[in-house]
Amino acid sequence: MAPAGAGGGWDTTARSLQKALQDANLLNGQSAEVRNVTGAAGTIGLAELVSSHAKNPHQLMVTGLVMVGGVVTNKTPVSLADTTPIATLTAESEVIVVRSDSKYTSLKQLVDDVKANPASVKWGGGSAGGTDQILVGLLAKAAGADAKAVAKQYVAYSGGGETKAGLLSGDVSVAVSGTSEFADLIKAGTVRALAVSSAKAEDGVPSIKESGYDLELMNWRGIVAPPGITDAERAAVIALLDKLHASPAWQQTLKDKKWQDFYKSGDAAKSYFDSESTRIKGVLTEIGLG
C-alpha cells in the first residue's frame, strides 16, 4: 500500500519496491501489487492497515516522517506503534534557502534575527505539520527561540512549486524543502542555500549541526507490516527486505532515483520509528500543532 496518491514520494517508493522485488527474483514466481489509499498525511491508509489487515504478513505499507507528523496533527487514534516495523529505506535531507539578494549569508545571521524578533522572518514550506515545518520548529527549539511564535510565521504551501514561487516573489523570507526540490535554483544562483539538515555538509552547503545548532533531520521513508503477525512471519518479511536491499536491482534504484540509502531493519527500524515518533510529537506539540 502507498498511503497517498499516484506520483508522490510514497507511491514512487512502493512502485520502485515492486519492480526491484521482481527484477531481483525475490518473489518465488509470485507477483507484488501496489494500491493507493489517499488522505490525511497517510493516516487513512495507516488506519486501514491496522484495522482491516491485522495478522496478514503479505500486506505491507510504505510510511515515513510525514506520517509521523500526520498522526499528531490529525489526532488519529492509531500510530506507527500499532504496526509491525520492518525497515527504513531511504532518506533525503532538507535545505534552508533564501533569495540570492537576501541579506542573510549564513544560518546564524538568520537565527539571530529570529531569536530577537520571530515576526521579522516569514518561513515558507510544505503542508502544516509536515517535514518542512517540523524542521523549522526543531531549529527554533535548538536555537532557544520562541517556537510557538516562530510557528505563527510559517506559511504552508501545497507543494514545492508553490514554495518556490512564494520565496521568489518575496511572500516569504526563507524557504524549507527537500534538497532535490531547490537543487536547480541553487545551481542557477537564484537562491542561496544556508544549511542542510543532514549530519554533514552536502555539495558545499554546511549542515545545521556544523552551523552551531544541535539538530539533524532526514525525511525518511520505510516499510511496516500490520499488527498481529507471528515472530516467524516478521522474520521472513525482514529477511525479504534485507535481500532486496542487498540486491543490485535495489542499489540501481537508489542510484537512478538519487535516493540516499538509509537502511535499518528489524529491531533497529523499530527503535528508530519509536524515537522519531517521540521527537516529532514533542516538537509539534510545542509549536501548537499537537
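**The second largest pocket**

Modeller: Happy to! In this predicted model, 29 residues line the second largest pocket, and those nearest its centre are Leu27, Ala32, His58, Leu60 and Leu240. The space inside comes to about 900 Å³. Three elements each give at least two residues to this lining: α1 (9-23), β1 (61-64) and α9 (231-246). The largest share is from α9, with 6 residues. By class, the lining of this second largest pocket has 18 nonpolar residues, 8 polar and 3 charged.

For comparison, look at the largest pocket, which holds about 1,300 Å³ of space. Its lining counts 50 residues, and the closest to the centre are Glu92, Gly178, Glu181, Asn219 and Arg221. Here the classes are 16 nonpolar, 24 polar and 10 charged.

Arginine 221, in β7, is the bridge partner of threonine 90; β2 and β7 (residues 218-225) run antiparallel over 8 bridges. Glycine 178, in β5, stands opposite glutamate 94, and β2 pairs with β5 (residues 174-178) through 4 antiparallel bridges. Strand β2 itself (residues 84-99) is mostly covered, with 14 of its 16 residues buried.

Key
Residues numbered from 1 in each chain as written. Predicted model: local features only at pLDDT ≥ 70, side-chain atom pairs only at ≥ 80, totals over all residues. Heavy atoms only, no water. 1 Å grid on protein atoms, 1.4 Å probe; cavity = no way out; pocket = protein on both sides within 12 Å on 5 of 7 lines; lining within 4 Å. Points joined across faces, edges and corners; volume = space filled by probe spheres on them. Nonpolar A, V, L, I, M, F, W, Y, C, P; charged D, E, K, R; others polar. Buried < 20%, exposed > 50% of the residue type's maximum accessible area, 1.4 Å probe, protein only. Pairing = 2+ DSSP bridges.
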